[in-house]
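Please open the structure in a viewer and keep the selection panel at hand.

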Amino acid sequence: MLDLQDALRKKEIWAIGGGKGGIGKSLLTGNIGICLSRLKQKVLLVDADLGGANLHTTLGIGVPEMTLSDFLNRRTENIQDIVIKTNIPNVSLISGAQDFLDAANPNFAQKTRLLRHLETLDADYILLDLGAGTSFNIIDFFLFSDHGILVVLPEPTAIENAYRFIKSAFYRRFKKVVTHQGIKDLIDAAMDQKNTMGVRTPYDLIEHVRTLEREVGEILELEVLKFRPKLIVNQVRTKNDIQIGFSMKSACQKYFGINLEYLGYVEYDDCVWQSIRSKRPLTIEYPYSRPSRCIERIVHNLLRKEQLTLSTFY
Amino acid sequence: MIKKIEDLNFYELLEVSPAATSQEIHKAYERVRRVYDPNSIALYSLFTPEETVVINQRIEEAYRTLVYEDNRKKYDAMLRDRHELPDIPPPPRPGLKYQPRPARTPATVQKENQLAVTSPDAPATPRPVQEEAAPVPPFIGEFTGPVIKVLREQRELSIRDIADMTKVNARYLELIEEENFKKLPARAYIRGFLMLYAKAIGYDPERMASDYLKRYDAATGFPHSLRKKQEV
């Protein structure tokens with residue numbers, strides 16, 4: 001077990017995504033940030049949901065003057081200009097793009113410039129709130145971070161999107177490490193579920209690549225082991241809903257070979273809805289509510305590099 | 001090295017260590033079976049219905065192999081041949097009151113009981129050939145008193161052990177196994193005892209209690225209207 005104090009010393013980037021919209025990504029980002037700030041950490045929240053930014057609303061801030069689009073479109077060169085102080089100590093915010101349609105689709109150069117500048121900022125933790133969907137922008141931010149966190153609801157729709165997200169992230173990561181154009185094309189083709197090569201699962205793909213180029217297959221296998229996304233199940237209502245996290249972990253291990261880490265769950269409670277209505281963050285408005293407690297537990301698990309286990313649960 | 005589902009050995013499939021007790025294997029089986037239930041939403045969009053059927057068949061096979069000592073020994077030997085299992089059995093786990101012990105088939109239990117009975121100087125009585133004695137679980141039809149007793153003996157646990165584990169009086173445990181309904185305390189207490197007993201031997205408490213109490217109700221003529229009220 002890592003000591004909490006040790007874990008608190010390093011600068012880290014956490015990305016929170018999940019494929020489906022409306023599953024609480026922004027809410028969790030904001031509140032995880034607040035929990036971290038209470039541990040005397042400097043937190044920077046970045047609304048990377050470029051098309052539908054609303055992280056500022058969950059923190060109770062009006063539409064900000066300077067947003068990410070100003071930086072992406074080079075209206076300002078200094079990233080410090082778009083950092084907004086919030087009224088929560090130690091929490092600052094970079095709000096998402098508000099205007100310009102094209103700001104929702106930055107090119108690769110714009111993205112790398114943003115990420116490079118983010119790393120220069122004075123913060124212990126940078127939390128990226130990703131948008132819905134599985135576009136390259138979202139996936140790239142997810143893969144770039146130190147910890148990629150997936151949010152799901154105990155519903156088939158959210159789970160379907162989460163698997164889709166994992167698969168996209170996974171194959172994009174594959175493509176990054178492979179240089180051979182033929183294999184890149186193969187990975188593209190494998191993304192199509194109805195492909196003609198009989199590649200259904202990531203195992204099939206690795207096997208297929210291995211027959212073509214042995215070494216590349218081994219590199220891909222290593223990538224599988226290094227890819228460790230984290231999972232949060234939001235809005236749980238029953239004990240069975242909590243179980244879904246363990247089930248997904250098991251299924252991911254067997255289907256993708258990926259080690260999905262089950263960070264924790266957040267209980268369903270009307271106080272979440274009330275806090276959003278009053279535009280005040282949950283962990284400030286209702287610090288002793290059950291969802292707030294759940295979020296605190298998730299933050300502790302993240303810092304200690306731990307996850308829920310069946311034995312702690314039973 | 002990552003493996004396809006078809007290539008996982010039975011321990012990996014059930015997500016247990018090769019040193020797991022039969023109780024642990026049973027628990028893991030119940031859990032994994034729930035995960036790969038065709039209606040499990042955690043699998044949604046991941047596996048096709050045909051794949052789910054295949055996985056479930058393999059899970060059943062794994063359970064049936066590992067839960068019996070004889071089958072498990074054979075399987076372990078096979079794994080050792082393929083170098084998937086270390087040669088030396090794992091050391092006993094410290095701090096565990098009841099050390100891992102695979103369940104034995106009724107045949108072996110019976111054989112050992114007979115060995116114990118025949119003292120060395122007694123004339124050698126012809127041992128009845130009953131090697132293939134009635135197989136009880138893995139799929140228990142119904143949890144009756146005698147079935148529970150067999151399950152307990154398979155795990156080499158005495159009434160005393162169960163009493164220590166559950167803090168239920170040994171006398172009551174015996175009465176449960178004997179199905180001595182007249183001497184047992186009120187129905188609500190029996191239910192509690194059964195739940196604890198089931199947990200101790202690693203079976204689904206709800207199922208064991210409800211199976212047993214059905215027999216209890218039938219034998220004692222427990223009124224139906226009252227039964228509903230008690231269970232709410």
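The stops below concern a predicted model, and each names a selection and then describes what is there.

**Stop 1: where the chains meet**

Select chain A and chain B together. At their interface, 15 residues of chain A are in contact with 13 residues of chain B. On the chain A side, colour helix 7 (156–177), helix 10 (214–226) and helix 11 (239–255), each of which supplies at least two of the residues that touch chain B. Which helix of chain A provides the largest share of that side? It is helix 11 of chain A, with seven residues. Sorted by class, the side of chain A that touches chain B has nine nonpolar, three polar and three charged residues.

**Stop 2: a helix pair in chain A**

Remain in chain A and select residues 181–191, helix 8, together with residues 202–212, helix 9. The axes of helix 8 and helix 9 of chain A are 11 Å apart, and the two pack at an angle of about 155°. Angles over 145 degrees count as roughly antiparallel, so helix 8 of chain A is roughly antiparallel to helix 9 of chain A. Their crossing is right-handed. To view the contact, display A:Ile183, A:Leu186, A:Ile187 and A:Ala190 from helix 8, then A:Leu205, A:His208, A:Val209 and A:Leu212 from helix 9. This contact comprises seven nonpolar residues, one polar residue and no charged residues.

**Stop 3: the domains of chain B**

Turn to chain B and colour domain 1 (5–81) and domain 2 (140–231) separately. The centres of these two domains of chain B, taken over C-alpha atoms, are separated by 28 Å. Five residues of domain 1 of chain B are in contact with five residues of domain 2 of chain B. On the domain 1 side of this contact, three residues are polar, two are charged and none is nonpolar.

**Stop 4: helices of chain B**

Next, select helix 2 (residues 22–35) and helix 3 (residues 49–66) of chain B, which pack at an angle of about 175° with axes 10 Å apart. Helix 2 and helix 3 of chain B are therefore roughly antiparallel to each other. Here B:Ile25, B:Tyr29, B:Val32 and B:Arg33 of helix 2 meet B:Ile59, B:Tyr63 and B:Leu66 of helix 3. The contact between these helices of chain B has six nonpolar residues, one charged residue and no polar residues.

Finally, select helix 4 (residues 69–81) of chain B. Its 13 residues should span 18 Å at 1.5 Å a residue, and the end C-alpha atoms are 18 Å apart, which agrees. Just after helix 4 of chain B, select B:His83, which takes a positive phi of about 60°.

Methods. Residues are numbered from 1 along each chain as its sequence is written. Chains are lettered from A and ligands numbered from 1 in the order in which they are written. This is a predicted model: local features need pLDDT of at least 70, side-chain atom pairs count only at pLDDT 80 or more; totals for chains, interfaces and linings use all residues. Domain bounds come from an automatic or database domain assignment. Two residues are in contact if their C-beta atoms, placed from the backbone, lie within 7 Å. Ala, Val, Leu, Ile, Met, Phe, Trp, Tyr, Cys and Pro count as nonpolar, Asp, Glu, Lys and Arg as charged, and the others, Gly among them, as polar. Axes are lines fitted to C-alpha atoms, for helices over the stretch in contact, and angles run from 0 to 180 degrees between N-to-C directions. Helices (H or I, at least four residues) and strands (E, at least two) are DSSP runs, numbered from the N terminus. Angles under 35 degrees count as roughly parallel, over 145 as roughly antiparallel, 65 to 115 as roughly perpendicular and the rest as oblique. A crossing is left-handed if the near helix is turned anticlockwise from the far one by less than a right angle, and right-handed if clockwise. The expected span of a helix is 1.5 Å times one less than its number of residues.
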